[in-house]
Amino acid sequence: DTGLIQMTPIEAWLWNDIRAVDVVVYPQYPVLGFFVDFANPKAKVVIECDGAAFHQDKAKDDSRDAKLRADGWFVYRISGKDCRDGVDSDTPSQSAARKFVKHIALLHDIQRNRTAHQPI
């Protein structure tokens, strides 16, 4: 539950993976006049969920990503299909979304309470 912030189903599925990996990002974070799906402002990392209904204008997404990157942000996009992967699985830790989130956490060191002996 994110309180007053409204999420699409694919954002909610990815939020579950973000929380499971214990990555420090904020949902619906304002950056350069946009609200990005998830962001870590200190590491300047943006994670966007691309559902078919909301991301039909690829040129608009590309323009927005270019503006974010020009300001020093790292932008990662994951498909709605991959966000959904593993939701009903007995092994969600093997899902495409969970692996995606773990990879970003490792690249940018944005995982909370990670120790040297803790697996990623």
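Start by selecting helix α4: its buried residues pack against α1 (9–21), β3, β4 and α3 (80–84). Contact here means heavy atoms within 4.5 Å, and buried means under 20% relative accessible area, with exposed over 50% and partly exposed in between (1.4 Å probe, protein chains only). Helices (H or I, at least four residues) and strands (E, at least two) are DSSP runs, numbered from the N terminus.

A word on what you're looking at: this is a predicted model, where local features need pLDDT of at least 70 and side-chain atom pairs count only at pLDDT 80 or more, while totals for chains, interfaces and linings use all residues. Residues are numbered from 1 along each chain as its sequence is written, and side-chain values use heavy atoms, leaving out hydrogens and water.

Stay on α4, residues 96–108. These 13 residues reach 19 Å from the first C-alpha to the last, close to the 18 Å expected at 1.5 Å a residue (the expected span is 1.5 Å times one less than the number of residues). Now show side chains for A97, R98, F100, V101, I104, A105 and H108, which are buried. Look down the axis of α4: the buried residues fall within an arc of 160°, so they line one face of the helix. That arc is taken from the directions between the helix axis and the C-beta atoms. An α-helix has 3.6 residues a turn, so residues three or four places apart point the same way. Just past the end of α4, click on D109, which takes a positive phi of about 50°.

Next, hide the side chains and bring up the sheet. What is the order of its four strands? The order is β1-β2-β3-β4, in an open sheet with mixed pairing; two strands pair if DSSP finds at least two bridges between them. At the edges sit β1 (26–31) and β4 (74–79), each pairing on one side only. From one strand to the next, the twist averages 45°.

Zoom in on β3 (residues 45–50) and β4: these strands run parallel and are joined by six bridges.

Last stop: charged side chains. A salt bridge here is a side-chain nitrogen of Lys or Arg within 4 Å of a carboxyl oxygen of Asp or Glu, and the count comes to seven.

Select K44 and D71, whose side chains meet in a salt bridge (3.7 Å, N to O). K44 is in the loop between β2 and β3 and D71 in the loop between α2 and β4, 27 residues apart. K44 is partly exposed at 26% relative accessibility, and D71 is partly exposed too, at 35%.

Now pick R77, partly exposed at 24%. R77 forms a salt bridge with D61, with the closest N and O atoms 3.9 Å apart, and another with D65, at 2.8 Å. R77 is in strand β4 and D65 in helix α2, 12 residues apart. D61 is buried at 13%, and D65 is buried at 5%. To finish, select D50, D61, D65 and R77 together: salt bridges that share partners join them into one network.

Terms used:
Axes are lines fitted to C-alpha atoms, for helices over the stretch in contact, and angles run from 0 to 180 degrees between N-to-C directions.
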